[in-house]
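Work through the exercises below with the sequence and the model open side by side. Try each task before reading its solution.

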Amino acid sequence: MLLCKINDSLISKKYETSLTINENNISMFNYYLFFGKEGKLMEYLCLLGILVIVVGFALKLDTVAVVVIAALVTALVSGIDFVTFLKILGKGFIDNRMVSLFFLTLPTIGIIERHGLKEASVNLLKKLKNLTPGRIFDIYTAVREVASAFGISLQGQVQFIAPLINPMAQAAGKVNGELTELEADQIKGRAAASDNFGNFFAQNLFVGSSSVLLITSTMKSLGHPIAASGVVLCTIPIAIICYIFCLIYNHFFDKKLKVSKEK
Amino acid sequence: MGSIINNIFHTVSNFLGSLGALIGRFGEIIWYPFNFLFSGFAAWWSHLNSFITPELVNNLLLVCFVIIGLFFLAAAIESVSDRTNPVRWGTGLFWLLFAVLFSVGQWLPNEINGACLLVIALLSLLKQVRVGQIKQLPKKVADQTVSRIGNWLFLPSILLAVLALLIAQFTNLGGQVGIGIAAALSLIVAMALTRSNVKVAYEDTQRMVRSVGSAGILPQLLATLGVVFTASGVGQATSKAISGLFPVGNHLLGVILYCVAMAVFTAVMGNAFAAFAVITAGIGIPFVVAQGGSPVVVAALGMTAGYCGTLMTPMAANFNTLPVALMEMKNPLGVIKQQFPIAICMLIVHIILMYFLAF
């Protein structure tokens, strides 16, 4: 930290001297326009790392490599030398090992997965008969939220939506008459959405989830340490409100479907 | 007449009063030992808790990390012995380096740890890391167990979550060691319930670690990136750049800026974890937390505000594009279209909640 600060001030000093020489240069006028009179181009240059991350992720390049390259670029353009960079990188990784603590839960999840976690869940969900598509989505999202709160994060789209929830909802939609192609597509989309809603807004209800661990450890390295259980508490209203929205949203979906069938 | 009523009233109230006193007395007598027990328990508990020193917690955490290192070692061994994988040596080295970082990293010089990470990135960049073949789970075992124990199969994972939360809340061990202890106990319960031996546990551990793969290690790498960003002054630079456009100090504006930026950056990158470190350092801290916002509320809601962005972007392929392919949907943006209204509503809810809960 200290080292980089020294480096930083050295660089800005270098810049100030070069600035006084070129003060009357017209291109320097543009430079002032963009970076202010202090002329701290280097300070803004460190945002290059953000650019690397954004572009790398957007282009779907290898994620591990993109993150490390972004770190390298950021450090080098802010004047941190290579060995110091390795030091910061290594220390940062070791200090943040708690983010990966969720690996400890994998043996348990693996064993119950082998012994039919999916089959038992399918049995539970199969009890949903004589329901409208919207009701099926309601119940699935509730199940997903509760499961997330208990740290079970299965690949919902692959394991439940495509093989189970979508066919059930399609069948339920056909009770009052054939579905149009658009309606069938909408049911598929809604089925996938109901997994994402439950997954996203309830996963922070589990203290051991990687996102809660990432939040607490990032806040610690940013100098504002927080408790993991506090994150869980703050997530409760989000999970509840999201579920209420889903109930209303699915209710209108059913209504629209029913109206189109009555015509 | 009045005096009679008065008398009756007096008698009744007297009676009720003494009855109440009696019940009160009785209650006290009944309650006393419990009360004693309870306060005794509380005293005993806090006495026990006083043994949990920060050093003990640190040592327990170290044990957890060494165990994770052993998981990675298992993944390394199994990756190398998977002959169907053309890049099995690269994949094995990838996991071996993580095993080293987790189990002995704290005793190595940080330069070496950093170099290990560079090698890992290089392996990943050169496509030398592949999951390889993972054995299909036997359907028979699953069916047999489910028909034998039914919904009791959910017990280990419920135990895992509840124990972790209880330990975090009621002991000095903290949430992190809590996860370790809860994981160990729930593993024992799961093994007993499914009558699995250590070999099955080993098999499932390496299978899960390998199939989670580099996606599992990504959050920690992103947190590390956050450290490098902080050291390089990215936070200050971003907040300076943004404070040129927006005034600092307005609570509502700060909250809107942070939540919307989380959603937008997440949508562009397709990953809320990556956006979190950057946007929280650059906007969340200077514009909301430094203005008096509660860090825990800001951080917790900031992350889920980012998820609103995930719901709206084709960049989040696992969530929004994969289902399109799986269900052969006509509209490639069909999932996002269904999610859009809820995502916008939830983003507004996040802004409102953060504004009222954080300040």
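**Exercise 1.** Is A:Lys258 buried, partly exposed or exposed, going by its C-beta neighbours inside 10 Å?

Solution. Start with the ground rules. This is a predicted model: local features need pLDDT of at least 70, side-chain atom pairs count only at pLDDT 80 or more, and totals for chains, interfaces and linings use all residues. Residues are numbered from 1 along each chain as its sequence is written, while chains are lettered from A and ligands numbered from 1 in the order in which they are written.

- Step 1. Recall the cut-offs: a residue is buried if 20 or more other C-beta atoms lie within 10 Å of its own, exposed if 12 or fewer, and partly exposed in between, with C-beta atoms placed from the backbone.
- Step 2. Apply them. A:Lys258 has 14 C-beta neighbours inside 10 Å, so it counts as partly exposed.
- Step 3. A:Lys258 sits in helix 13 of chain A. Helices (H or I, at least four residues) and strands (E, at least two) are DSSP runs, numbered from the N terminus.
- Step 4. Look across the fold. A:Gly173 is 85 residues from A:Lys258 in sequence, yet 8.8 Å away in space, C-alpha to C-alpha.

**Exercise 2.** Find where confidence in chain A is lowest and where it is highest.

Solution. 

- Step 1. Helix 1 (residues 2-21) of chain A is lowest, at a mean of 40. Helix 11 (residues 181-202) of chain A is highest, at 95.

**Exercise 3.** Describe the side of chain A that touches chain B.

Solution. 

- Step 1. Count both sides. The contact takes 110 residues from chain A and 127 from chain B.
- Step 2. Find the main contributor. Helix 13 (residues 228-262) of chain A supplies the largest share of its side, 13 residues.
- Step 3. Sort by class. The chain A side has 67 nonpolar, 31 polar and 12 charged residues. Ala, Val, Leu, Ile, Met, Phe, Trp, Tyr, Cys and Pro count as nonpolar, Asp, Glu, Lys and Arg as charged, and the others, Gly among them, as polar.

**Exercise 4.** How do helix 12 of chain A and helix 12 of chain B pack?

Solution. 

- Step 1. Read the geometry. Helix 12 (residues 210-221) of chain A meets helix 12 (residues 295-310) of chain B at about 135°, with axes 10 Å apart. Axes are lines fitted to C-alpha atoms, for helices over the stretch in contact, and angles run from 0 to 180 degrees between N-to-C directions.
- Step 2. Name the arrangement. That angle makes helix 12 of chain A oblique to helix 12 of chain B. Under 35 degrees is roughly parallel, over 145 roughly antiparallel, 65 to 115 roughly perpendicular, and the rest oblique.
- Step 3. List the residues. A:Ser211, A:Ile215 and A:Met219 meet B:Pro295, B:Ala299, B:Ala300 and B:Met303.

Conventions:
pLDDT is the predictor's confidence in each residue, from 0 to 100. Two residues are in contact if their C-beta atoms, placed from the backbone, lie within 7 Å.
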